[in-house]
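Try each task before you read its solution.

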Amino acid sequence: MESKPLIEARGVTRSFGRVRALRGADFAARLGEVSAIVGDNGAGKSTLIKILSGALQPDGGELFLEGSPVHFQSPHHARELGIETVYQDLALAPALDVAANLFLGREMRMPGILGLLGFLDDRAMRKRAQEEIAALRVGLTSVRQPVMTLSGGQRQAVAVARATAWGKRIVIMDEPTAALGVRETQMVLRLIRRIRDAGIAVVMISHSMPDVFEVADTITILRLGRTVRQMPRSEASMSEVVAFMTGATEESIIESERGQQHVTD
């Protein structure tokens with residue numbers, strides 16, 4: 001029996017002046033699944049995940065969290081509800097080490113009077129950071145490494161580790177394998193599987209159809225701001241998904257109807 005969605009969007013709309021980015025988007029993600037959102041440029045993918053993460057407010061439609069209506073007032077509000085987002089720019093501080101990046105904006109203070117005076121508990125943060133990195137089996141020499149010394153895939157892993165450290169329900173990932181080589185892409189895809197297997201809902205935007213078909217459990221296809229299809233990945237083919245993204249399915253239906261009309265005539 002199919003589980004109920006953890007987070008769901010129904011008929012979401014959003015405009016920027018005269019530009020209608022979303023014209024009726026539907027989406028659902030479940031615990032322990034990777035839910036991919038795909039679409040051509042301008043389909044509304046980024047706008048949708050910004051709404052799901054509280055960075056934007058919808059003009060219309062409804063959002064539900066565990067079946068109850070929800071209105072994310074800000075990204076901070078979404079994070080309080082267990083939703084973390086890894087954007088394409090990663091939002092890491094290159095000069096700081098791995099541990100400091102995992103706790104950026106959430107620093108742990110020393111207990112007692114030292115904490116009240118603003119002293120940070122570096123030892124506790126490094127210990128927790130090491131645990132998070134170890135849980136994802138990321139090959140880093142030390143959590144004291146400056147992020148600027150890491151490869152692209154390792155930086156992505158640090159951003160993902162930070163998200164999973166705090167986002168215990170939903171992790172949203174925007175183009176997680178963009179600009180990565182084959183080896184590093186496989187490392188990131190393994191990370192995504194581990195997050196899913198830990199029982200967290202993963203929402204992933206990607207232009208890479210091979211990556212989507214390798215890790216996704218469900219695929220939501222956006223076209224011109226609307227959801228045109230939601231399907232289990234096991235029931236989809238890559239050519240079918242691309243056809244829905246580009247509108248080729250609409251053209252084939254029209255041609256089919258024209259052919260039937262011609263036969264009738």
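**Exercise 1: the core**

Find the members of the largest nonpolar core that touch the most other members.

Solution. This core has 48 residues, and Val 38, Val 98, Ile 192, Val 212, Ile 219, Ile 221 and Val 241 touch the most other members. Helix H6 (residues 152-166) supplies the largest share, 6 residues. A nonpolar core here is a set of buried Ala, Val, Leu, Ile, Met, Phe, Trp, Tyr and Cys residues joined through side-chain atoms within 4.5 Å. Buried means under 20% relative accessible area, exposed over 50%, and partly exposed in between (1.4 Å probe, protein chains only). Helices (H or I, at least four residues) and strands (E, at least two) are DSSP runs, numbered from the N terminus.

The model is predicted: local features need pLDDT of at least 70, side-chain atom pairs count only at pLDDT 80 or more, and totals for chains, interfaces and linings use all residues. Residues are numbered from 1 along each chain as its sequence is written, and side-chain values use heavy atoms, with hydrogens and water left out.

**Exercise 2: a salt bridge**

Work out which parts of the chain the pair Arg 169 and Glu 66 links.

Solution. Start with the atoms: the closest N and O atoms of this salt bridge are 2.6 Å apart (the criterion is a side-chain nitrogen of Lys or Arg within 4 Å of a carboxyl oxygen of Asp or Glu). Finally, check accessibility: Arg 169 is partly exposed at 22%, while Glu 66 is exposed at 53%.
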